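The entries follow the order in which I consulted it.

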Amino acid sequence: MASPRIVHVSMECLPFSKVGGMADVVGSLPAALRELGASCRVMTPHYPQLHDGRIDAEIAAFDVWVGDSPHRVRLLEAGDDVLVDQPAAFDRPGVYDDPHSGEGFSDSLYRCLVLQQAARIAVRDGHVPADVVHCHDNHTGLLPVFLKDDGGPPSVFTIHNLAYQGRYGADEFWITGLSEDRFFGHSAFEFHGDLSLMKAGLSYADKITTVSPSYAEEILSPDFGHGLEGVLQHRRDDLCGILNGIDEDYWNPGRDPALPAHYSVAEREGKEACKRALCEEGGIEYRPGVPLIGMVSRVTHQKGLDLVGAILPHLLRREASIVLLGSGDAEILDLFRGARGRWPERVALFEGYNEALSHRVYAGSDIFMMPSRFEPCGLSQLYAMRYGAVPVVTSVGGLKDTVQAFEEEWKTGTGVRAHWATSDSFQGAVDYALDLYEKPKLFKRVQGNGMKLDFSWTRSAEQYLALYRGLMGESAPDPAPEAEPETGPGADA
Ligand code: ADP
Ligand code: GLC
């Protein structure tokens, strides 16, 4: 079988940029696909202010049209990846306006169009040959439409987060260069009178994936579908959930350069040194034998940290110490600022984004909290388990698929799951984790169970490869699926 040429297109990709987990995924999945024999490249913007790494060569330069003006784009080769250079669009201090809310710049449609038009031309003109184009999240939702229009290769569209839909006013539609008659209607990608890039991707991609099997089910319902459940139900046969993996070399407590000490499931002493160092770094008291509970997160409604804010006094009464690394919603952060002011020796708060520090929080924490209201997959709980921080999570999406509830009788399981995303339910789950902490033998067991799990990409990469091969062997379905009734106003960014 010929080696398939896969081109991933994404607004974020490590090591060039990162806002959330999508950057980790697009940065690490290609290597796993290459191991399986695929040829794989990522096309992503060149953000000179975020990354000044090596550029190997210029592959091509051409104009892309956005609205009625041409924009000069250069394709730059950086290792296996292709950076789309267009300073007016991408020479900015962040990927999005507010790095942790995902809110766009006022010209974000123009910026995503530069990326998508560049990818379209790169593939069409053979600068970056592709058998399958794999598009990630709403910012690339028009690319499947362009590819269909050009008679180009089939596309896969991955939903990393349905809440961010890339919704723009109807008055902006014209800059896409697409025919309004054909594409601006219910059967195409109009959504409640607006243009929705997410709906475009969902309607026109040949296959749709999302990042966990449970989220793939959940988004078919109004509770999790953000108004697009009708469209998704219509495409149900082309939708599947493939669980995210992690880069196990990069996330390895045995040799992570960001950590002050190293450890493994067999030799765990180094973890205590990481805890002590984290307490020092956070300006809180180091108390051996007392649990340290960590969080690393975008601070948004999705992540449910307000629920933790509500139970902080209870957790502190139970003697725990708390560490949060995050940025985002000021009101939620205020809950933690208040707690830090009141219990300065017990509550550490790092505001902002800090990659190396995130590793130290996973390593230094005994317990890791993730009370998400919805979670397409979640990588933080995977990193936490790998670093021996026992996760306490809500039973949603990828959290449900990756954190197995600990069963004392059988000593199986890797964490604790709250049934509901409410502070009461979550408090009960954290209480159970704190009880476990008081039984060191059991706690060591649940911690070890998580550290031993295999979260490598291998299995999921095989599933993606099977999907690509299927597409290469069959003709793409007709464009413009039938209209489906939309329900609810949908969330947006
Ligand atoms: P999401 O993509 O929804 O934010 P994930 O759990 O999939 O959630 O991925 C979040 C990623 O972003 C993880 O790699 C996590 O360590 C990282 N992260 C989140 N907030 C911060 C922060 N303030 N500083 C450093 N890393 C962060
Ligand atoms: C999104 C989701 C998160 C997922 C990540 C990578 O940001 O919120 O759950 O892990 O994408 O797929």
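**Entry 1. Conventions**

I note that this is a predicted model, in which local features need pLDDT of at least 70, side-chain atom pairs count only at pLDDT 80 or more, and totals for chains, interfaces and linings use all residues. Residues are numbered from 1 along each chain as its sequence is written, chains are lettered from A and ligands numbered from 1 in the order in which they are written, and side-chain values use heavy atoms, with hydrogens and water left out.

**Entry 2. Backbone**

I recalled that most residues other than glycine have a negative phi, and that most peptide bonds are trans. I then looked up the exceptions recorded here.

I found a cis peptide bond between L14 and P15, with omega at about 5 degrees. P15 sits in the loop that runs between β1 (5-9) and α1 (21-35). Helices (H or I, at least four residues) and strands (E, at least two) are DSSP runs, numbered from the N terminus.

E319, which is not a glycine, has a positive phi near 80 degrees. I placed E319 in the loop between α10 (305-317) and β14 (321-328). Its relative accessibility is 41%, so E319 counts as partly exposed. On this scale buried means under 20% relative accessible area, exposed means over 50%, and partly exposed is in between (1.4 Å probe, protein chains only).

K411 is likewise not a glycine and has a positive phi of about 60 degrees. K411 belongs to the loop between α14 (397-402) and β18 (416-418), and with a relative accessible area of 34% K411 is partly exposed.

**Entry 3. Buried parts**

How many of the eight residues of helix α6 (residues 197-204) are buried? I found that eight of the eight are, so the helix is largely enclosed by the rest of the structure. The buried residues of α6 include L197, K199, L202 and Y204.

L232 is in helix α8 (residues 229-234) and is buried, at 0% relative accessibility. From L232 to V290 I noted 58 residues in sequence and 47 Å in space, C-alpha to C-alpha.

V290 is in turn one of the contacts of D366. D366 lies in the loop between α12 (355-364) and β16, and is buried with a relative accessible area of 7%. Beyond its neighbours within four places in sequence, D366 is in contact with residues including K275, L292, G388 and Y437. The side chains of D366 and K275 are joined by a polar contact of 2.8 Å. A polar contact is a pair of N or O atoms within 3.5 Å; within protein, one must be able to donate a hydrogen and the other to accept it, and residues adjacent in sequence count only if both atoms are side-chain atoms.

**Entry 4. Cavities**

I looked up the cavities of 30 Å³ or more and found two.

On a 1 Å grid over the protein atoms alone, a cavity is a set of points where a 1.4 Å probe fits but cannot get out, and a pocket is an open set with protein on both sides within 12 Å along at least five of seven lines; lining residues have an atom within 4 Å of a point. Grid points are joined across faces, edges and corners, and a volume is the space filled by probe spheres set on the points.

**Entry 5. Second largest pocket**

The second largest pocket has a volume of about 420 Å³. I counted 26 lining residues, of which S28, A31, A32, D247 and W457 lie nearest the centre. Which element gives the largest share of the lining of this pocket? I found that α1 does, with eight residues.

**Entry 6. Ligand 2**

Ligand 2 is surrounded by 14 residues, and H160, N244, E375, C377 and G378 are the closest; a residue is near a molecule if one of its heavy atoms lies within 4 Å of it. An oxygen atom of ligand 2 is 2.9 Å from a side-chain N or O atom of N244. A backbone N or O atom of C377 is 3.0 Å from an oxygen atom of the ligand.

Methods:
Contact = heavy atoms within 4.5 Å.
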